[in-house]
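Subject: Structure for you to look at

Hello,

Here is the structure I said I would pass on. Please open it first, then read my notes below.

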Amino acid sequence: YQRRVHGSVAHLGIAQPHKVMRGIVPVVMAGILGIYGLIVSVIIVSAIKAPYAPGAGFVHLGAGLSAGAASLAAGYAIGIVGDCCCFAYAKTDKIFVAMILMLIFSEALGLYGLIVALLMNGVASKFGCTKE
């Protein structure tokens with residue numbers, strides 16, 4: 001879908017060149033999802049201590065998977081919304097506010113995964129997963 005969103009932005013640039021900067025909002029919001037994964041990985045790596053228990057590994061794996069799966073779902077939703085709304089935005093300006101609202105709610109899916117990953121990382125030591 002990301003390639004399709006770029007195609008719709010290219011169509012927007014041909015049909016209405018002055019609207020292109022507003023049309024790349026879905027592409028920017030999809031890039032933010034990758035930053036969520038980077039944040040989770042840095043936090044997990046900083047929590048690793050020298051005697052690393054297997055339980056901690058499974059908790060950290062679950063944290064990474066929750067952030068990754070939520071970001072995948074959010075990226076899919078952003079791709080669909082961005083594609084449809086960029087084509088619609090080329091025809092009318094009234095769709096822009098609705099597009100932004102749909103993109104924000106789609107991005108919230110990835111943010112929920114980030115929050116779950118942070119909570120899982122925080123409780124890994126409380127349940128005796130890491131040896132101190």
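A nonpolar core is a set of buried Ala, Val, Leu, Ile, Met, Phe, Trp, Tyr and Cys residues joined through side-chain atoms within 4.5 Å. Buried means under 20% relative accessible area, exposed means over 50%, and partly exposed lies in between (1.4 Å probe, protein chains only). This is a predicted model, in which local features need pLDDT of at least 70 and side-chain atom pairs count only at pLDDT 80 or more, while totals for chains, interfaces and linings use all residues. Residues are numbered from 1 along each chain as its sequence is written, and side-chain values use heavy atoms, with hydrogens and water left out.

Overall layout

The chain has 5 helices and 0 strands; both are DSSP runs numbered from the N terminus (helices are H or I, at least four residues; strands are E, at least two). Of the 132 residues in the chain, 36% are buried. A contact means heavy atoms within 4.5 Å. Among contacts between residues at least 6 apart in sequence, 77% join residues at least 24 apart. The chain has an accessible surface of about 7600 Å², and carbon and sulfur atoms account for 74% of that; such areas come from the Shrake-Rupley method with a 1.4 Å probe, and for residues only the protein chains shown count as cover.

The core

The largest nonpolar core has 20 residues, and those with the most contacts inside it are Leu33, Val40, Ile78, Met99, Leu103 and Ala117. Two or more residues each come from α3 (25-47), α4 (54-91) and α5. The largest share, 8 residues, is given by α4. In soluble globular proteins, nonpolar side chains tend to be buried together.

Met99 is in contact with Arg22, Val81, Cys85 and Cys86, if its neighbours within four places in sequence are left aside. The buried residues of α3 include Leu33, Tyr36 and Val40.

Helix α5

How far apart are the end C-alpha atoms of α5? They are 43 Å apart, which agrees with the 42 Å that its 29 residues should span at 1.5 Å a residue. The expected span is 1.5 Å times one less than the number of residues. Among the buried residues of α5 are Phe96, Met99, Leu103 and Ala117. The cover over the buried residues of α5 includes α2, α3 and α4.

Leu118 also lies in α5, and it counts as partly exposed because its relative accessibility is 35%. The C-alpha atoms of Leu118 and Gly64 are separated by 9.4 Å, although the two residues are 54 apart along the chain.

The surface patch

Leu109 lies in α5 (residues 95-123) and is partly exposed, at 38% relative accessibility. Together with Leu111, Tyr112, Ile115 and Leu119, Leu109 forms a nonpolar patch on the surface, with about 480 Å² of accessible area in total. Patches are made of residues with over 30% relative accessible area and no salt bridge, with like charges joined within 9 Å and nonpolar side chains (Val, Leu, Ile, Met, Phe, Trp, Tyr) within 5 Å.

The salt bridge

A salt bridge is a side-chain nitrogen of Lys or Arg within 4 Å of a carboxyl oxygen of Asp or Glu. By this rule there is 1 salt bridge. The side chains of Lys19 and Asp93 meet in a salt bridge at 2.6 Å, N to O. This pair links distant parts of the chain, 74 residues apart: Lys19 is in the loop between α1 (2-15) and α2 (20-23), and Asp93 is in the loop between α4 and α5. Lys19 counts as buried, at 6% relative accessibility, whereas Asp93 is partly exposed, at 48%.

Regards
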